[in-house]
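Work through the following exercises with the sequence and the three-dimensional structure side by side. Try each task before reading its solution.

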Amino acid sequence: MLEVRDLNAFYGQSHILHGINLDLAEGESIALLGRNGAGKSTFLKALLNADPRTEGAMRFGAQTLDTQPTHTRTRLGMSLVPEDRRIFPKLTVAQNIEMGAFAAREEQKPYTIAEVVDLLPMVGPLLNRFGYQLSGGQQQMVAIARGLIARPRLLMLDEPAEGLAPVIVDELSDTINAIRKAEGRSIVVTEQNIDFARQTTDRLYLLDVGSVVFSGTWEEFSRNADLVDRYLVL
Amino acid sequence: MTGELITIAFNALIWSMATFLIASGLTLVFGILHVLNFSHGGFFMIGAYVAYTVLEQFGATVPLWAYLMAAIVAAAAMGTAGAAVDQVVFRRLKNFEGVYVLIATYALLLVCDGFVKLVWGLNYHSVSPPESLLGVLFAGGAILPHFSIFVVLAGLLTFLVLEAVLNHTSVGRTLQAIAADPWMAQVLGINVSSVYRWTMIVGFALAGLAGGLLVANQSLSPDLAGIFILQAFGVVIVGGMGSIRGAFIAAILLGFVEAISATYLPSYPGVLFFATIAAVLILRPEGLLGRATT
């Protein structure tokens with residue numbers, strides 16, 4: 001469903017991603033691991049043409065991604081939940097979630113708010129609160145709900161567990177697995193938390209300074225114990 | 001005494017609503033696009049001249065429907081100009097620092113000034129109010145011209161429509177989302193560029209509408225832009241940059257300041273107006289309903 005070939009990304013003169021190759025099948029879930037600054041978030045933004053300048057070839061479904069603006073790419077069925085959540089503070093939770101429906105594809109009606117709440121029950125009691133009234137964990141759930149309402153084919157979660165209490169991280173892991181099962185959705189999770197990534201994805205890509213240094217299954221990753229020390233330990 | 005107080009209050013409301021009519025487009029564009037449009041007064045002026053040209057066809061007595069139609073023609077013309085300005089100027093400058101945009105809008109103001117001199121000349125022109133609004137209302141010893149009441153109602157109606165659209169419709173919520181975080185809005189599938197364009201069109205159309213509605217109150221000359229834009233900027237700053245509700249409240253506040261000043265301090269025009277702006281900025285730099293920035 002997603003093919004990326006020799007992707008390079010730049011912020012101004014800074015060369016952030018170096019020749020990334022990546023494949024993702026329909027219904028598959030992958031993790032992008034790496035330290036801060038490895039290029040994980042830049043990769044997700046590059047897919048959506050949302051800031052970095054890119055070179056290389058990207059394909060999503062039958063569509064080649066070249067000059068399409070961000071909103072057009074989103075409407076192909078790619079949804080990004082950014083690392084900093086970016087909840088609109090003066091809109092209610094329900095209104096925040098409804099904003100995500102702009103991304104709905106022509107052939108696919110978005111979920112209703114009730115259907116989103118079925119998938120993410122934690123959001124239900126929050127619907128009438130304003131964005132600025134939410135805790136970090138609540139913001140994360142609302143951001144995921146907002147990213148999900150358009151029924152994206154690909155949901156991209158940028159460091160979803162960052163800054164959350166362990167008990168919330170466990171709930172989030174269950175939620176992401178429930179989302180994966182619903183409609184066979186593909187998921188990309190960027191993470192530094194290896195356990196969380198392992199619980200929510202099928203395989204992984206390991207990034208270091210903008211390059212892929214390992215890709216494979218979790219079993220293969222576990223057999224290369226030095227990868228953690230070399231590319232993930234600070 | 002009662003008559004004097006009513007006159008002060010009424011003059012305050014006339015000033016307030018006339019200024020709000022102009023400030024509404026200015027603050028809308030700033031609120032969504034974060035562009036401080038110096039040329040807004042210029043397009044208000046051209047709107048007034050466009051309405052004058054339409055109304056010239058009706059001779060000395062202008063029916064109310066023609067007056068309203070002239071205002072709508074002025075709004076449509078300035079909305080079209082807004083689309084052109086967005087395409088030719090603002091889109092080209094979207095990746096530049098705000099100061100370049102500011103300079104560009106000042107250049108546009110000069111273009112408006114030159115355009116008016118070229119098309120309508122340097123002579124003063126005037127338009128009579130519609131014939132059905134030539135009368136006056138007597139209230140507690142005060143004399144309230146019908147046309148002034150019309151201006152107050154037009155300002156109030158404009159505020160109510162903008163408030164309703166911005167706070168009670170999905171369009172308004174989308175605008176709020178874009179104003180708060182345009183990057184996230186585009187990631188959610190919103191065509192932010194298109195919304196920017198339409199905001200510019202509506203902002204310029206509001207300038208044209210204000211020009212058309214207020215044309216009978218003015219002596220039309222190329223100085224018109226400068227006279228009103230200063231008041232409008234005062235209202236936008238005191239209300240809080242980008243807040244329609246703030247601009248409305250600030251317009252009423254500054255309207256009363258102006259009316260009191262004109263009655264009791266006629267030898268010091270503008271002093272209380274600027275003192276009030278300074279006081280608000282000292283006590284609340286972000287304006288009455290503005291968002292504090294860090």
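**Exercise 1.** In which sense do strand 6 and strand 7 of chain A pair, and over how many bridges?

*Solution.* Before starting, note that this is a predicted model, in which local features need pLDDT of at least 70 and side-chain atom pairs count only at pLDDT 80 or more, while totals for chains, interfaces and linings use all residues. Residues are numbered from 1 along each chain as its sequence is written, with chains lettered from A and ligands numbered from 1 in the order in which they are written.

Step 1: find the two strands, remembering that helices (H or I, at least four residues) and strands (E, at least two) are DSSP runs numbered from the N terminus. Strand 6 covers residues 78-81 of chain A, and strand 7 of chain A covers residues 154-158.

Step 2: look at the pairing, for which DSSP must find at least two bridges between the strands. Here the two strands pair in the parallel sense over four bridges, and A:L80 stands opposite A:M156 of strand 7.

Step 3: follow the side chains. In a regular strand they alternate between the two faces of the sheet. From strand 6 of chain A, A:M78 and A:L80 point one way and A:S79 and A:V81 the other, and all of them are buried, a word that requires 20 or more other C-beta atoms within 10 Å of the residue's own, whereas 12 or fewer make a residue exposed and counts in between make it partly exposed, with C-beta atoms placed from the backbone.

**Exercise 2.** Determine whether A:D6 and B:H34 are buried, partly exposed or exposed.

*Solution.* Step 1: locate the residues. A:D6 belongs to strand 1 (residues 2-11) of chain A, while B:H34 sits in the loop between helix 1 and helix 2 of chain B.

Step 1: count neighbours. A:D6 is exposed because it has 12 C-beta neighbours inside 10 Å, and B:H34 is partly exposed because it has 13.

Step 2: check the backbone. A:D6 has a positive phi of about 50 degrees although it is not a glycine, and B:H34, also not a glycine, has a positive phi of about 60 degrees.

**Exercise 3.** Describe the side of chain A that touches chain B.

*Solution.* Step 1: count the residues in contact, meaning that their C-beta atoms, placed from the backbone, lie within 7 Å. There are 18 residues of chain A in contact with 13 residues of chain B.

Step 1: assign them to elements. Helix 2 (70-74) and helix 3 (93-99) of chain A each give two or more residues to this side, and the largest share, three residues, comes from helix 2 of chain A.

Conventions
Contact = placed C-beta atoms within 7 Å.
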